[in-house]
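Trainee: I am new to this structure and would like to go through it slowly with you. Could we look at the whole chain before turning to a single residue?

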Amino acid sequence: MKTVHAVCPHDCYDTCGLTVTADGDRIIRIAGDGEHPITRGFLCFKVNHYEDRLYHPDRVLTPLRRVGPKGSGEFEPVSWDEALAHVGAALRAIVDEYGGEAVLPYSFSGNMGILSEGSMDRRFFHALGASRLDRTICTAAAGAALRHVYGLQLGPDPETLPRVRLVILWGTNPMATNIHEVPLLDTLRKNGGQIWCIDPLRTATAARSDRHVQLAPNSDYALAMGLAREILRRGLYDKAFVSAKTTGLEAFQRACEPWTKARVIAETGLLDAEFESLLQAIVSVRPLLFRSGYGVQRQNDGAKVIWAVSCLSILLGTLQDVGGGHLVGNGGAFGIRHDRLTRPDLMPNPRPRRVNMLTLGQALSNRTRPPVKALIVYNSNPAATAPDQRAVLSGLQRGDLLTIVHEQMMTDTARYADWVFPAAMAMETLDIHTSYWHRYVQLSVPATRPLGESVSNSEFFRRLARAVGLDHPALQATDEELIDDAIDSSHPWMSGICRESLEARPVQKVRLASDVRPFVDTPIPTADGKLHLDPLPIGADPILGDVVPDDALHLISPSRRESIKSSFGNIATVVKQDEPELLMHDVDLTRRGLTDGDAVVVFNALGETLMRVRASDVPAPGTVVSYAVRWNERGGGTNINQLTSQRLSDYGGGGTFYSTWVRVRRA
Ligand code: SF4
């Protein structure tokens, strides 16, 4: 028997510490690490039975060669040597004929380990001269807005949450997506604090908050700017703080001017009294924390929303209290040397073609120059998760596209591959993890060898480099060497954190004390050392309003307790295997002559998908909800991303999944 410390690798705020026990080559127990200071030994619903995922019958255990039509999922097992010989020769031929940019990587955060998410893979693509992928699907709009305001993505330490007296949960649902924040919120409340939730949906979090401000979808920017306008107009802002720490107040005031209370009330659908009580609460209670999720920035105005809420928190001087400010993420708390890890210096052309991952459908259309001739997918399942699914699936069907997928399961995307290579699970590989919520660095130690012939992402790209004939020594670095390259022990907040110290103590907090107030006690890393209230430098081409048919409904497709995008889509003990559901308010059901349980076609100009309608008070009238995302293979060949578009957010190139209009008809 062997017990090790590991880390949950999924794309989740919590980045839980795990205790993994193996008996020989089989993992027999995965539990929360009771010693972890913030995840405290309990796991979420999804990971509580992780053995079901580790040893699932869908797991890919050998290299596979396609023998049926693309999308059919018909493959035959082959040896690594044979598969690599074919793939290496095919990639080399494409690069020789079309250039390296004809190869497109496609990955995201299927595994959040620093090595697994972006290390040897990036070195490989850099050395090959491949197109660069802008990995924008989740947080790009927020990241760009936060860099503009603060220069860095950093917020208060979540462990200070119990000291806060008012938290505004703005478009975040920790009951589903950040379960370890819930006990901290409960302590805040026990200590006399209040939880207010701003969300267009009656989520589980909204239902247990002290107040739910249920605004219209996509009206967050209007609300934030309207509140800011009233704070400025009534002289309620922290003049000393704003004067000492910020630039751009006048430009910000001008940007607020159109957002009169009357206009904001019309756009948000709130009552005057609701607006006033929210305003009264945020100007009078301290410490005050604005806590935004990433869902709120997956809309046309996504970056502006995050910018506006940040400005609101700055105007009110909330950063001066321990625990106060605006928390979106804490990724900036860690010193990781991405350049040394990913080696952009290996690129033959330092500015290769860039492709935004949200426009995969367009990139695969064969109209780009050079055309994308090879697609290498890992840590991602774009056939299910990318927007404008019809365009994506049409691209994946192309007979002249070489699709290589490194995967743990036979996903919707793997079914379109020419070659599938088996990927190891996190508990089988060495890695280090940071978090985008808490401030702990962790070492994840393998409990067993990878199952079957599966290999880690780093090993896959070492093998692929050899197969293609890339011989730079950096492409054969070991995982231990990659960890050494990644950790920046010279960073003041990483002092003493290195591979050796993590081997002795696998959970370590960055050296940034909880009561150090970001951007008050730490430098502001913008060019001028100030917080920027100046509006985002958005060009002169605003996103035009949609032309919305009278009977259209606003579709929101958020995560739920049972899902992290498509990662658990085939695990029967986690995701129920019944039909896809569309939640609709009674008012909208009645208007359409529908009743709970009716089969409906949900459609718009991009596509359509079949669902079963369910009466629900989660959405307000005019809004519908479908939780993201089901596997196409388990939903009649399509899912909700038939209806989402490739349109990018206002700034930062982020997704606009939650700015989607649909219509519904009886099936
Ligand atoms: S998915 Fe999130 S909450 Fe669940 S175990 Fe993993 S890190 Fe923890």
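Predicted model: local features only at pLDDT ≥ 70, side-chain atom pairs only at ≥ 80, totals over all residues.

Trainee: How many helices and strands does the protein have, and what is its radius of gyration?

Mentor: The protein has 22 helices and 27 strands. For 667 residues the globule rule gives 26 Å, and the value for this protein is close to that, so the protein is as compact as a globular protein of that length, with a radius of gyration of 24 Å.

Trainee: What share of the 667 residues is buried?

Mentor: A residue is counted as buried when its relative accessible area is under 20%. Taken over the 667 residues of the protein, the buried share is 62%.

Trainee: Where is Ser219 placed, and is Ser219 buried or exposed?

Mentor: Ser219 sits in the loop that runs between strand S10 (211-213) and helix H9 (220-233). Its relative accessible area is 2%, and because the cut-off for burial is under 20%, Ser219 is buried.

Trainee: Which residues does Ser219 touch, leaving out those up to four places away in sequence, and which residue's backbone oxygen lies 2.7 Å from a polar atom of the Ser219 side chain?

Mentor: Once residues up to four places away in sequence are set aside, Ser219 touches Glu267 and Thr268. As for the backbone oxygen that lies 2.7 Å from a polar atom of the side chain of Ser219, it belongs to Ala216.

Methods
Residues numbered from 1 in each chain as written. Heavy atoms only, no water. Helix = DSSP H or I, 4+ residues; strand = E, 2+ residues; numbered from the N terminus. Buried < 20%, exposed > 50% of the residue type's maximum accessible area, 1.4 Å probe, protein only. Polar contact = N/O pair within 3.5 Å; in protein donor to acceptor, adjacent residues only side chain to side chain. Contact = heavy atoms within 4.5 Å. Rg over C-alpha atoms; globule rule 2.2 N^0.38 Å.
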